[in-house]
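Q: I am new to this structure and would like to learn how to read its features one by one. Could we begin with the strands?

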Amino acid sequence: MLIVIEALLSKDEITDARQQLLGARWVDGKSTAGTQSAAVKTNRQLAENSPLAQQLGALILRRLGANAQFLSAAIPDKIFPPLFNRYGLGEGFGLHIDNAIRPIKGTSLAIRTDLSATLFFSDASEYDGGELQIETSYGAQSIKLNAGDLVLYPSRSLHRVTEVTRGERLASFFWLQSMIRDDGQRSLLFDLDQSIQAVTQDLGSNHAEVLRLTGVYHNLLRRWASC
């Protein structure tokens, strides 16, 4: 399941964050890559313990926690602290798959990566190349969103960032562990939840069929969730 969440951050939040990011100190992006990924990765990142990364990461987590579409799609249990990357001319990230387990630096915690997320800080018109290409059962999907938009997709997917040929691409990326480990079950719950919301608008929250469907949703969640 691939979900696009538009305008997770406001234009003012994006403008402020970009000013700070462009003035920050960046390090080699290979610092957070596994052995296979490091061989095909050419970009720059904020250090994981950077105060700016922590500040902007906290903002992103607040916005995620208040976004109904994200909560419905992800059913999050744990979220990896957001990281930030920068792709300039000639930089890209070859085909790879994300590590299944990500330790959280400076803690004894680790998360299982069920879902991966990219939040764009550059508008699509500001650069050429730099598409996030995700391999799906229907073929490769190319994702290039506007600043403030986020894409959420299964971490088991092979994916890459194509080489930037003009301009610069700024983004945040992170992973999360869902309470619903199985992507198919999570997709069914998302579709059911979206239908419940649509039916509720037509019939009202106290209608017998809305209550019935809500009960089915929560009983499935109870059956499948691990938390």
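A: Strands of a sheet pair through backbone hydrogen bonds, either parallel or antiparallel. In this predicted model, an open sheet of 5 strands runs in the order β3-β7-β15-β12-β13 with antiparallel pairing, where strands are DSSP runs (E, at least two residues), numbered from the N terminus, and two strands pair if DSSP finds at least two bridges between them. Residues are numbered from 1 along each chain as its sequence is written. Local features need pLDDT of at least 70 and side-chain atom pairs pLDDT 80 or more, while totals for chains, interfaces and linings use all residues, and side-chain values use heavy atoms, without hydrogens and water.

Q: How many aromatic pairs does the structure hold?

A: Rings of Phe, Tyr and Trp (its six-membered ring) pair if their centres lie within 6.5 Å, with planes under 30 degrees apart counted as stacked, over 60 as edge-to-face and the rest as tilted. The structure holds 3 such pairs. The rings of Phe80 and Trp175 have centres 5.2 Å apart and planes at 85°, so this pair is edge-to-face. Phe80, in the loop between β5 (76-79) and β6 (83-87), is 95 residues apart from Trp175 in strand β17 (residues 169-178).

Q: Where does the charged end of Arg102 sit?

A: A charge sits over a ring if NZ of Lys or CZ of Arg is within 6 Å of the ring centre and within 35 degrees of the ring normal. The charged end of Arg102 sits over the ring of Trp175, 4.1 Å from its centre.

Key. Helices (H or I, at least four residues) and strands (E, at least two) are DSSP runs, numbered from the N terminus.
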